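Trainee: I'm new to this one. Could you take me through a single part of it, slowly, and tell me what sits around it?

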Amino acid sequence: MSAINLISSSSLLWQQCVSWKKHISIKTVLKDLRGPLLRSANCRRMKNYDARLSRIDIANTLREQVQDLFNKKYGEALGIKYPVQVPYKRIKSNPGSVIIEGLPPGIPFRKPCTFGSQNLERILAVADKIKFTVTRPFQGLIPKP
């Protein structure tokens, strides 16, 4: 309820009280107005909560899409037709074992959960340009479908 509506409804209520010649205190008027104010405040909080939830949902969806993209590209680099979980720790501890090309400038290769939504969107925008090349394969990391 906006301030204008609140003022107009309070003055209307007050006018009704005066016209009925009843002796109603200002406390009674404010008490009657408290309900709509609380409902309005709760509504705003719920909208903010819903907006925050939708932002979180969007970010999680983007992370899943980038994770799926990396798994698919890693599987292709291994010569497999299905996605393979990317061994991020092994790639980080063995530089040069997997070469990742095509990422947007300024975005290093790492787990998608460490990126913000903007960087995830930038990665997905160049998905077709991203290429993994395995120079030294890791033993025992190729699961069967």
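Mentor: Let's start with Phe70: at 0% relative accessibility, Phe70 counts as buried (buried means under 20% relative accessible area, exposed over 50%, and partly exposed in between, using a 1.4 Å probe and protein chains only). Before we go further, keep in mind that this is a predicted model, where local features need pLDDT of at least 70, side-chain atom pairs count only at pLDDT 80 or more, and totals for chains, interfaces and linings use all residues. Residues are numbered from 1 along each chain as its sequence is written, and side-chain values use heavy atoms, with hydrogens and water left out.

Now for the rings. The structure holds five aromatic pairs; rings of Phe, Tyr and Trp (its six-membered ring) pair if their centres lie within 6.5 Å, and planes under 30 degrees apart count as stacked, over 60 as edge-to-face and the rest as tilted. One of these is the tilted pair of Phe70 and Phe132, at 5.9 Å centre to centre with 50° between the planes. Phe70 lies in helix H2 and Phe132 in strand S2 (residues 131–134), so this pair ties together parts that are 62 residues apart in sequence. Helices (H or I, at least four residues) and strands (E, at least two) are DSSP runs, numbered from the N terminus.

Phe132 is buried too, with a relative accessible area of 5%. Phe132 also forms an edge-to-face pair with Tyr74, 6.4 Å centre to centre and 65° between the planes. That pair again links distant parts of the chain, with Tyr74 in helix H2 and Phe132 in strand S2, 58 residues apart. As for Tyr74, 2% relative accessibility makes this residue buried.

What about the nonpolar surroundings? The largest nonpolar core has 21 residues, and those with the most contacts inside it include Phe70, Tyr74, Ile130 and Phe132. Such a core is a set of buried Ala, Val, Leu, Ile, Met, Phe, Trp, Tyr and Cys residues joined through side-chain atoms within 4.5 Å. Helix H2 (26–77), H3 and helix H4 (117–125) each supply at least two residues of this core, and H2 gives the largest share, five residues. Ile130 is in contact (heavy atoms within 4.5 Å) with Phe70, and also with Leu69, Lys73, Ile100, Glu101, Gly102, Leu103 and Ile123, leaving aside neighbours within four places in sequence.

Tyr88 and Phe109 are among the residues lining the largest pocket, along with Lys89, Ile91, Lys92, Ile100, Arg110, Lys111 and Thr114. On a 1 Å grid over the protein atoms alone, a pocket is an open set of points where a 1.4 Å probe fits, with protein on both sides within 12 Å along at least five of seven lines, and lining residues have an atom within 4 Å of a point. H3 supplies the largest share of that lining, four residues.
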